[in-house]
2 protein chains.
Amino acid sequence: MYVTGRDVRLACREGRLTSQTSGLAKGYVQANLAILPKDWAYDFLIFAQRNPKPCPILEVGEVGSVKSFILSKDGDVCTDFPKYRVFKDGELVDEPTDISDLWQDDFVYFLIGCSFSFEEALLSADLDVRHITEGKNVPMYRSNLICQGAGRFKDTQMVVSMRPFSPSDAMKAIAITRDFPSVHGGPVHIGDPSQIGIQDINSPDWGDSVKINEGEVPLFWACGVTPQQAAAVAKPPIMITHAPGHMFVGDKKNYDYRI
Amino acid sequence: MYVTGRDVRLACREGRLTSQTSGLAKGYVQANLAILPKDWAYDFLIFAQRNPKPCPILEVGEVGSVKSFILSKDGDVCTDFPKYRVFKDGELVDEPTDISDLWQDDFVYFLIGCSFSFEEALLSADLDVRHITEGKNVPMYRSNLICQGAGRFKDTQMVVSMRPFSPSDAMKAIAITRDFPSVHGGPVHIGDPSQIGIQDINSPDWGDSVKINEGEVPLFWACGVTPQQAAAVAKPPIMITHAPGHMFVGDKKNYDYRI
């Protein structure tokens, strides 16, 4: 049983936890990961500044340091995720559970806000968050919304996640999530998927398809997979991310990110 | 009469306007300025990421480029402010009205959110924004709230601005300003000034003292003078800012920055 974020981090560090973190240590903030060489970190920071909804940075490390000090007191970004993904020149080459041996002195880590944070708030309001109800991953799509470019990060299609609601629950979901601007904030689109370039809502590009009931409206949020999409285009020589769903759990609470 | 942001920018560019921009081109977003060499820009970006309330970056330029392209379509950061301040090694050395001859190939500009944006929303709600009612500058104070350091930007006391309200209007002012997280957002403190290190609320460190009526409560917001305070400590070899109150006026509207 993982009660606190630290419980989860220690289990990852000691190799006891290599699976997804969804639902673990309820109330504690979970974060996505991007690690880049310093040479690429500046461009990535500007990319994030220009695209805060898909890329809400919660913490940037000191150059060469593996120690998290804002989201957590004693986190180690090389060991405290259950699983990582290593990309070389934009291609996935490995999925290790520890990256200590890959760390370089010029690496900079970015911990990035995750929709798990606002989903907790949706559940607290008794909303039916469909993929959770169905025990699935959230459906994600490559949209035709193009992110503002920055340096070598350009021509990036924004990745969006979708959650369907009744119209009245949709109003609640919009109001709740806009209070969390540092974890994706309010939706970027509501209704007709084709308006943002999604041809078949039942065929997501990542995650699982979920049931949309008669009379429900789909809401689309900017998604933290977008930075990986940006990297797939920019092809940095090396970039390390979390494996999808395998997050860093901090000492801060989701509520700390409510405005 | 300046109807649009472009009207103001052209007047600055042609030398027709060298005075404050408060109240000009109502509805259009106004922005603070910081220009730093690329060598310092990375640290400044991290400083801003760690301290978004006092340092809400709205636009970062490409290295060496003077052309604004997010807040405006055709802005030139060297000519489109009415007045600038040039700091060398942390010391104010000049207050020119055009900095084209000072521009260097390694310069990066930052346009930073300004409280003028949320003040318009407060006025629209018929709130009495005291310094505006009194025709003064907002009172600003060096607080004992210490910003999170980043690289060479460290040990920076957050500068705060103060606006007094009746308790019921204070509730409205909090609700309104929290909807503008990219222009300082909600207050950082309410009530007793001594709790954030302000000894005499009638002696601001910048701007003018304003009347606080019986029964009113002071609200304190993070202030855009904080980056200049950070520079005064870090002492970059050169840093150029706007002169206080002499802002860049964009093509975007204040409402674009409401969540």
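Modeller: Domain bounds here come from an automatic or database domain assignment. And the model is predicted.

Colleague: Which domains does the assignment give for chain A?

Modeller: Domain 1 is 5-115 + 231-257, and domain 2 is 124-226. Taken over C-alpha atoms, 22 Å separate the centres of domain 1 and domain 2 of chain A.

Colleague: How many residues does the contact take from each domain?

Modeller: It takes 20 residues from domain 1 of chain A and 24 residues from domain 2 of chain A.

Colleague: Which element gives the most to the domain 1 side?

Modeller: α2(A), with five residues. By class, that side of domain 1 of chain A has twelve nonpolar, five polar and three charged residues.

Colleague: Switching to the chains. How many residues does the contact take from chain A and from chain B?

Modeller: Eleven residues from chain A and eleven residues from chain B. On the side of chain A that touches chain B, α2(A) gives the most, with four residues. Seven residues of that side are nonpolar, three polar and one charged.

Colleague: And the core? Which residues have the most contacts inside the largest nonpolar one?

Modeller: A31(A), F44(A), V160(A), A31(B), F44(B) and V160(B). That core has 147 residues.

Colleague: What is F44(A) in contact with, leaving aside neighbours within four places in sequence?

Modeller: A34(A), L36(A), F110(A) and F153(A).

Colleague: Last one, helix α6 of chain B. Mostly covered or mostly open?

Modeller: Mostly covered: seven of its nine residues are buried. Among them are T226(B), P227(B) and A234(B). K235(B) follows α6(B), and the phi of K235(B) is positive, near 55 degrees.

How values were computed. Residues are numbered from 1 along each chain as its sequence is written. Chains are lettered from A and ligands numbered from 1 in the order in which they are written. This is a predicted model: local features need pLDDT of at least 70, side-chain atom pairs count only at pLDDT 80 or more; totals for chains, interfaces and linings use all residues. Two residues are in contact if their C-beta atoms, placed from the backbone, lie within 7 Å. Helices (H or I, at least four residues) and strands (E, at least two) are DSSP runs, numbered from the N terminus. Ala, Val, Leu, Ile, Met, Phe, Trp, Tyr, Cys and Pro count as nonpolar, Asp, Glu, Lys and Arg as charged, and the others, Gly among them, as polar. A residue is buried if 20 or more other C-beta atoms lie within 10 Å of its own, exposed if 12 or fewer, and partly exposed in between; C-beta atoms are placed from the backbone. A nonpolar core is a set of buried Ala, Val, Leu, Ile, Met, Phe, Trp, Tyr and Cys residues joined through C-beta atoms within 7 Å.
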